[in-house]
Protein chains: 2
Amino acid sequence: MTDDLPNPALLPAGLADLLPPDAEREAALVEAMMGVFASHGYERVKPPLLEFEDSLLAGSGAAVAEQTFRLMDPVSQRMMGLRADTTPQVARIAATRLGAQARPLRLCYAGQVLRVRGTQLAPSRQLPQVGVELIGGAAPAADGEIAVVAVEALAAVGVAGVSLDVTLPTMVPALLDAAGVDPVLRTRLARALDRKDSAAVAALVQGQDAALAVLPGLMAATGPADGALAALEAAALPESAQAIAENAAAVLAAIAARAPGLRITLDPVEFRGFRYHTGVAFTIYGPGMSGELARGGRYVSQNDEPATGMSLYPDAVLRAAPVMAPKPRLFLPVGADGAAFRAEGFATVAALAPDDTPQRLRCTHELRDGAPVPVVTKD
Amino acid sequence: MTDDLPNPALLPAGLADLLPPDAEREAALVEAMMGVFASHGYERVKPPLLEFEDSLLAGSGAAVAEQTFRLMDPVSQRMMGLRADTTPQVARIAATRLGAQARPLRLCYAGQVLRVRGTQLAPSRQLPQVGVELIGGAAPAADGEIAVVAVEALAAVGVAGVSLDVTLPTMVPALLDAAGVDPVLRTRLARALDRKDSAAVAALVQGQDAALAVLPGLMAATGPADGALAALEAAALPESAQAIAENAAAVLAAIAARAPGLRITLDPVEFRGFRYHTGVAFTIYGPGMSGELARGGRYVSQNDEPATGMSLYPDAVLRAAPVMAPKPRLFLPVGADGAAFRAEGFATVAALAPDDTPQRLRCTHELRDGAPVPVVTKD
């Protein structure tokens, strides 16, 4: 293959065609999850794929600035970005066009996002994204609702047995601030916490401010939410960290009230990977090895409005969800009317030429005496 | 407003947010139309929004090359295009990844397309597009099916009383070729036909080859399909034009057999606006002033495969479709369980804080003695 004769089947790295039946399955999953969001009062918005980079990369958009494709708008001669995340756009809509609507505002969205580069673990550069945002409500019950609604959306498409991982990305910074830690120790502690290296953390906090003494205990408490919460309550926390712990307890209580059976873990000292979150943050993992299905949490939206939200990844949900049976395909001879069979749930496939046969058209059923019967495959 | 302080609500020209309830309505229309396509055996594919421009602008893609945003792929250092049309991508999939599957192949798609510039009449630079492609079938019944399925999809979302306009974009070129017309007369005739100026056409064909003598009669015959077909049959056409007329008659017979009540017009001399079509072409107009809802026709796909297809424009369909009633919104006091009401079709909106009231949350219903009753607006 040379540059002059590129392989026409070749797509850029990280960009792929979704073929039958996966494209249909993904679309069905997306609409089923959006249906759950609508049933909880979340109203759909559809921002454009492209907008001026000033607005696209404002607020939480700054976190994906490096991952955003940019192009020149020939009309305005200004730079536009191809969205890498939908949350900043929903924040813009909430602050501007829906700025006068009473709070809290519940919005949802479904669409594609594009990224300049994939990673080794996540090579895709185009990802479907669906999500919910609750803007203008600071109550712990708002965070709880976001988590519960996301879990319900996953259950609606057959993904049960998920695990909700709760983190408090502001906890470690609050402890480090309270202790007045110098930049060198701060960096070392952050690295040790990131590596989950409890021996290193214990050694680093030895002889330091009392606010840091709780770190080894909080690391050890990571696990099922009840135990981790109890450890947080028992710890001698400085005031700022105490407020974070109390808020986490209230959010977890709100979740437990609405989704009593949900498996929840709490990691009080995890803080990486949530670049703009200001409160409780969530990751939802699928059962078994199916991986991360959703991510979200509390943030500050435009005009300093409190907000919380969750993004779900339909490509990952597709891998975790059970395969639905495709519609049976019924062969229709030339001139036959298929309306009644379509109403029964068949996909009718009409013969258009003499060599169109049930086998050739991959039909599962054909008509015999006017009734659908399974196609017998010839040996 | 200066460049330093851009209005955050400002979007690039031709790019817009779709807000509640329109975003929800458009998504519902798209999935309902895709459901009709699936019920006729059309299988969904989802090509990426970006691909290498070599493949994106090949074949029928050349028609939208000027309208295609281009960007450099930092991974491959090759140019990519942001699709301005989905048909070329479906042609690529059919020729490559689905190349070994038996023909005809029935595929459908739904997604966004982007254009570098809008026009005065069609200012949007991002358009939703849904469509069907039938690849590897040359039968007139294939063209008929494409038209009938598109009309059925529109009917499924409440758009009835549409008109199917049939044109034969190869007819005028065939007549001009048969007459061996010189380039100057060719240009003059094309302009006069394009302006629908029958006096000018009559004057220009005076004394020319017999193949051109039919033009004034064919212009006059434009209108309801039966009359126009009769005029085509009666006209003394050269062989190439005769074949086009016979094919048109067969396509129209196939449509009449599957959609007897459909209003069809035929313009045998219209040829503009169908830049890559090689046979019968279609435009579907909505009732009243709702305009063009769909466009398509026969073309040559990759590997010279015969193909026919139709693109529908959900933004136009949204304007033509009846407004559906939104879900009633039921206010849920703190702690109330809404599952049973969601199953009944309510959107439940949970109170999260003391100042959340039914009025504030724009609820239509509230619970009284455990049952939903309409919210009484206070005077």
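The model is predicted.

**The interface**

The contact draws on 83 residues from chain A and 83 residues from chain B. Together the two chains bury about 7200 Å². Of that area, 61% lies on carbon and sulfur atoms. Three residues of chain B stand out: B:R44, B:K46 and B:L352. They supply 10% of the area that chain B buries against chain A, more than any other three residues.

**Charges and polar contacts across it**

Twelve salt bridges cross the interface of chain B and chain A. One of them joins the side chains of B:E43 and A:R362, with N to O at 2.8 Å.

Which helix of chain B gives the most to the side that touches chain A? Helix 1, residues 22–39, does, with seven residues. On that side of chain B, 47 residues are nonpolar, nine are polar and 27 are charged.

**Rings**

How many aromatic pairs are there over all chains? The count is zero. Rings do meet charges, though. In chain A, the charged end of A:R78 sits over the ring of A:F52. In chain B, B:R78 lies over the face of B:F52.

| Charged residue | Ring | Distance to ring centre |
|---|---|---|
| A:R78 | A:F52 | 3.8 Å |
| B:R78 | B:F52 | 3.8 Å |

Note on methods
Residues numbered from 1 in each chain as written. Chains lettered and ligands numbered in written order. Predicted model: local features only at pLDDT ≥ 70, side-chain atom pairs only at ≥ 80, totals over all residues. Heavy atoms only, no water. Phe/Tyr/Trp six-rings, centres within 6.5 Å; stacked < 30°, edge-to-face > 60°. Lys NZ or Arg CZ within 6 Å of the ring centre and 35° of its normal. Contact = heavy atoms within 4.5 Å. Buried area = accessible area lost by both parts, 1.4 Å probe. Salt bridge = Lys/Arg side-chain N within 4 Å of Asp/Glu carboxyl O. Helix = DSSP H or I, 4+ residues; strand = E, 2+ residues; numbered from the N terminus. Nonpolar A, V, L, I, M, F, W, Y, C, P; charged D, E, K, R; others polar.
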